[in-house]
Amino acid sequence: AGNLASLGEVINHENFAFEKVDICDGPALAEVFLKHQPDGVMHLAAESHVDRSIDGPGDFIKTNIDGTYTLLEASRSYCQRRDRSDSENPDFRFHHVSTDEVYGQLTEFDEPFTEETPYDPSSPYSASKAASDHLVRAWGRTFGLPIVITNCSNNYGPRHFPEKLIPHMILNALAGKPLPVYGDGRQIRDWLFVEDHAQAIDSIFHKGKSGEVYNIGGNNEWKNIDLINFLCYTMDQKLGREEGTSAKLITYVRDRPGHDLRYAIDASKLISETGWRPQVTFEVGLERTVNWYLANQEWLKHVTSGEYLRYYENMYEDR
């Protein structure tokens, strides 16, 4: 789901550089570290779609586990060469971005996940992310690599790859196609606008403590079916349709294997230590998201056709 088209606005920025590198390729990563001399790593590279992890778990094991190991080793070697391996040294940090799904599921009555919640992953995706979290902890404790781990709730916003729930529903509603809902649609997720997540990552990178884990959440729980109905209402308004037109497209399908009932995040540790708080309400964030997709049909065309894989790779390689 990596999409270079999403970086078009920053391609000419003086602080931006792009390197096409597989995170499982150790020698290539070493060259990147040597060339750019980074002050830290924010590791967001992952296979992340649960449905695809069920259909083909091998890619998730390779990228999320092997890739994290390779990136950790490249970071450790880099720190050792520059005498930056002391965990108290603020000059370098390996920030591993993970998911709330490593904690398993909650009932409707359970308290939200905290940083002390035991791991209980349900899907190949969440299991691969749990494994990568453990690797990062081990490299911090064993080798003194300055690390921090964040576990975030569901993101949404502009440029989201169309396989994910909200953009998938927007695209199908726009085209008049069925809106598939797993099971009874009563699964609950905590939603966070992507810009709020980016601000949280920035706050943790500069203010968080090495060796710590921080949960990032929006305190914004929605049942899937309620979210989809609200999205349908929003789409009808934006497209000038009669209210209820999009909702008629809702189609219940067989539930996904191992589908967790509820995720919810307690972000009080992050709030108290860094001062970060989510700023974008779901109503505002969803409207901004819908507006962006409706205004960026060319982006959607490239992504859904796969054309961006060719066009934008050539664009970056020609820089």
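Gly275 is exposed, at 53% relative accessibility (buried means under 20% relative accessible area, exposed over 50% and partly exposed in between, with a 1.4 Å probe and protein chains only). This glycine lies in the loop between α8 (268-274) and α9, where helices (H or I, at least four residues) and strands (E, at least two) are DSSP runs numbered from the N terminus. The C-alpha atom of Gly275 is separated by 8.2 Å from that of Ser203, a residue 72 positions away along the chain. The model is a predicted one, in which local features need pLDDT of at least 70 and side-chain atom pairs count only at pLDDT 80 or more, while totals for chains, interfaces and linings use all residues. Residues are numbered from 1 along each chain as its sequence is written, and side-chain values use heavy atoms, with hydrogens and water left out.

Two helix pairs are described next. The axes of α5 and helix α9 (residues 282-295) come within 11 Å and cross at roughly 55 degrees; axes are lines fitted to C-alpha atoms, for helices over the stretch in contact, and angles run from 0 to 180 degrees between N-to-C directions. That angle makes α5 oblique to α9 (under 35 degrees counts as roughly parallel, over 145 as roughly antiparallel, 65 to 115 as roughly perpendicular and the rest as oblique). The crossing of α5 and α9 is right-handed, a term used if the near helix is turned clockwise from the far one by less than a right angle, with anticlockwise giving left-handed. On the α5 side, the contact (heavy atoms within 4.5 Å) is made by Ile166, Pro167, Ile170, Leu171 and Leu174, and on the α9 side by Phe282, Leu286, Thr289, Val290, Tyr293 and Leu294. These residues of α5 and α9 divide into 10 nonpolar, 1 polar and no charged; Ala, Val, Leu, Ile, Met, Phe, Trp, Tyr, Cys and Pro count as nonpolar, Asp, Glu, Lys and Arg as charged, and the others, Gly among them, as polar.

Helices α1 and α3 (residues 57-81) have their axes 9 Å apart and pack at an angle of about 40 degrees, and are therefore oblique to each other. Their crossing is right-handed. Here Gly26, Leu29 and Phe33 of α1 meet Thr70, Leu71, Ala74, Ser75, Tyr78 and Arg81 of α3. The contact of α1 with α3 comprises 5 nonpolar, 3 polar and 1 charged residues.

Strand β6 (residues 188-193) pairs with β8 in the antiparallel sense over 3 bridges, and Arg189 stands opposite Trp222 in β8.

Most residues other than glycine have a negative phi. Gln37, not a glycine, has a positive phi of about 50 degrees. This glutamine is found in the loop between α1 (26-36) and β1 (40-43) and is partly exposed, with a relative accessible area of 32%. Arg159 also has a positive phi, near 70 degrees. The loop between β4 (154-156) and α5 (165-175) holds Arg159, which counts as partly exposed at 29% relative accessibility.

Technical notes
Pairing = 2+ DSSP bridges.
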